Amino acid sequence: MMDRVLFGDNQFFGVNHMSEEKARAQAMRFQDLPAVLEVLDTAYQEGIRTFMCTTHDRVAEICDHFRANAAKYPDYQFYPCMPYAHKYANAVTEHGMIEALRMLLPQEGAIAAMLKGGAALATKDIEAIMQLLIDAEMKMFHGLSTPVVFMQNVITDLLLGLRMNECFRIFHDHVKSRYGAEPGYITMNVPRLLDVLEALDIDNPIVCANINKIGFRMCGGIALYEQTIATRRFRPVAMSVLASGAIAPREAIEYVCRQPKIESIVFGASSRGNIRQTKTLIDELTVTA
Amino acid sequence: MIRTAMVGLGKMGLSHLAILRAHPQLDLVAGCDSTAYLTDILSKYSGLKCHADFDRMLEQEQLDAIVIATPSKLHAAMVEKALNRGLHVFCEKPFVLDVRDGERLVSLAESKGLVNQVGYHYRFVGAFKEAARIVKSGALGTVHHVRAEAYGPVVLRPKGGTWRSAKSEGGGALYDYACHAVDLVNFVAGPPASVGGVVRHGVFSQDVDDEVYCTLHYANGASGQLCVNWSDESFRKMSTKVSVWGTHGRITADRQECQIYLREPHAAVPGASKGWTIRYTTDLTEEVWFYLRGEEYSAQIDYFAQSIRERRTDGENTFRSALEADRVVSMIVGETAGMLTMPSAQPSRATLWSRLFK
């Protein structure tokens with residue numbers, strides 16, 4: 001069972017779907033690690049012990065802190081979301097696709113991994129390449145608890161559109177066998193993804209998607225999403241429940257809590273007031289739901 | 001079903017391919033790229049029929065339409081061949097590198113009555129559409145200045161081995177970034193009559209520009225500025241903004257929001273009082289059937305499919321419209337013929353300072 005409330009990381013990395021100015025202000029505020037850790041501590045004190053985070057380079061520093069202070073956070077866990085796509089996109093623009101892939105495969109230390117990477121590249125063995133890329137992204141979480149590992153939506157939806165369906169199976173198997181973790185998929189296209197995962201016999205998958213009262217970025221429409229949540233077998237994690245602030249908090253949380261079987265809600269916030277308000281609302285409305 | 005093929009499976013090409021394959025009215029029958037490595041993986045893992053040779057694909061496949069996302073210098077020849085075979089064409093931006101090619105292709109597409117569209121996706125972003133609508137409505141009064149800015153973290157060090165770093169292939173910030181900003185100016189405020197004060201400068205690149213600045217002049221005396229820099233690491237990804245000043249107010253739009261200042265309320269902006277009004281992407285965005293990286297990428301492909309069904313040849317982002325952007329780019333190039341400044345081989349002042357303080 002996942003925690004009911006997960007803490008997101010967009011605010012730390014200058015991601016704001018409402019305003020570029022606000023995003024920049026957040027990037028400034030959180031450019032030093034202590035400011036990030038202070039907010040994570042606040043969330044922890046408010047009872048949120050799961051950090052759902054992209055594999056941004058800076059998350060490695062956060063991981064270092066949690067490793068060094070394990071006693072302070074005995075039950076803390078990470079839900080990595082991989083990869084931080086701009087890292088790949090910028091590398092591809094600058095170096096071309098194959099060279100970028102070569103650069104992003106693990107390089108230091110394990111010569112064996114390099115050779116494996118080279119051989120996999122040469123034989124177009126996508127399974128071996130994906131496994132190496134997953135391992136490279138997971139490296140920063142070494143020694144930390146990572147019970148769920150997500151594929152980022154830009155990759156999920158790219159593979160979904162390309163019909164590279166086997167990649168979902170490869171991700172699923174590797175996350176389970178190598179990390180003993182549950183694989184999860186972030187997507188903007190829930191019904192379509194479920195069709196593919198069902199066809200691959202991936203049963204009851206964890207799927208994280210925008211679920212909000214105004215239907216923002218819910219492809220196929222809010223009615224289809226509600227029906228999908230009510231009738232299909234999967235474990236939904238709701239994100240963007242406030243639709244970047246377009247919906248008032250109580251109304252937003254009420255809507256999500258009214259949907260059956262949404263297992264978790266992920267949200268990001270920067271102030272104790274907002275963290276407490278959202279957490280309290282979820283607790284309150286979950287109990288009465 | 002519209003039988004469609006896709007040529008050029010680079011970064012943008014793969015994104016298009018995913019959207020095309022997800023579209024319910026498009027049958028993506030084949031892909032084409034000269035990189036065998038990539039096409040081998042695609043055919044092996046996604047079942048896509050792939051060709052290495054464009055001409056052979058056109059000969060062998062029964063097609064209605066084609067999407068072209070190859071390096072810019074290849075656009076003109078490919079578009080021409082596709083049109084001559086009677087295919088509807090969607091071509092990535094910039095349309096062509098030589099305005100004369102563009103003029104010929106506009107006539108060819110129009111004479112054949114074929115759907116023709118260029119991938120200026122910002123015209124499908126809700127906030128930019130709203131900005132264009134408000135400016136056209138006259139709510140800002142007489143427009144006297146426009147500014148388009150595009151910044152991003154593409155070239156951050158003196159290296160790079162892709163076609164984007166080669167001048168002859170349509171690389172550089174002018175063709176890759178600035179053309180978006182230019183098209184946005186054309187979309188929101190109309191195309192300028194001339195340009196001046198052009199600066200093209202390689203911050204890190206040796207052969208192409210990394211930043212482009214210029215003044216835009218309109219026939220009626222209005223002016224504009226273009227500020228483009230793809231060597232700015234402070235941006236997480238490409239960020240584009242357009243601002244328009246008029247006698248009755250101003251507007252600034254980016255991908256997320258549209259900030260409007262009106263000196264007087266206007267019927268075209270319902271609910272807006274005197275002063276500031278902010279419209280957010282959550283209000284301005286229309287839902288798409290499939291989402292990848294942004295609604296606008298799906299919306300423009302859907303628009304292309306609708307155009308084919310309706311035989312709409314005068315819609316948004318036609319070759320004719322994209323050629324207006326190419327013309328402005330060509331004016332910028334003309335102003336700077338032989339004047340492209342590049343990083344000096346001499347130690348820069350910054351290097352001297354950093355040496356002193358090491």
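**Close-ups of a predicted two-chain model**

**View 1. Helices α4 and α5 of chain B side by side.** In this predicted model, the axes of helix α4 (residues 75–84) of chain B and helix α5 (residues 99–112) of chain B come within 10 Å and cross at roughly 15°. That makes α4(B) roughly parallel to α5(B) (angles under 35 degrees count as such). The axes here are lines fitted to C-alpha atoms over the stretch in contact, with angles from 0 to 180 degrees between N-to-C directions; helices are DSSP runs of H or I with at least four residues, numbered from the N terminus.

**View 2. Who meets whom between α4(B) and α5(B).** From α4(B), B:Ala76, B:Val79, B:Glu80 and B:Leu83 meet B:Asp101, B:Leu105, B:Leu108, B:Ala109 and B:Lys112 of α5(B) (contact: C-beta atoms, placed from the backbone, within 7 Å). Sort these residues by class and you get six nonpolar, no polar and three charged (Ala, Val, Leu, Ile, Met, Phe, Trp, Tyr, Cys and Pro are nonpolar, Asp, Glu, Lys and Arg charged, and the others, Gly among them, polar).

**View 3. Chain A up against chain B.** Here 37 residues of chain A are in contact with 40 residues of chain B. On the chain A side, α4 (85–95), α5 (97–104) and α8 (153–162) each give two or more residues. The largest share, seven residues, comes from α4(A).

**Notes.** Residues are numbered from 1 along each chain as its sequence is written, while chains are lettered from A and ligands numbered from 1 in the order written. Local features need pLDDT of at least 70, side-chain atom pairs count only at pLDDT 80 or more, and totals for chains, interfaces and linings use all residues.

Key:
Parallel < 35°, antiparallel > 145°, perpendicular 65-115°, else oblique. Contact = placed C-beta atoms within 7 Å.
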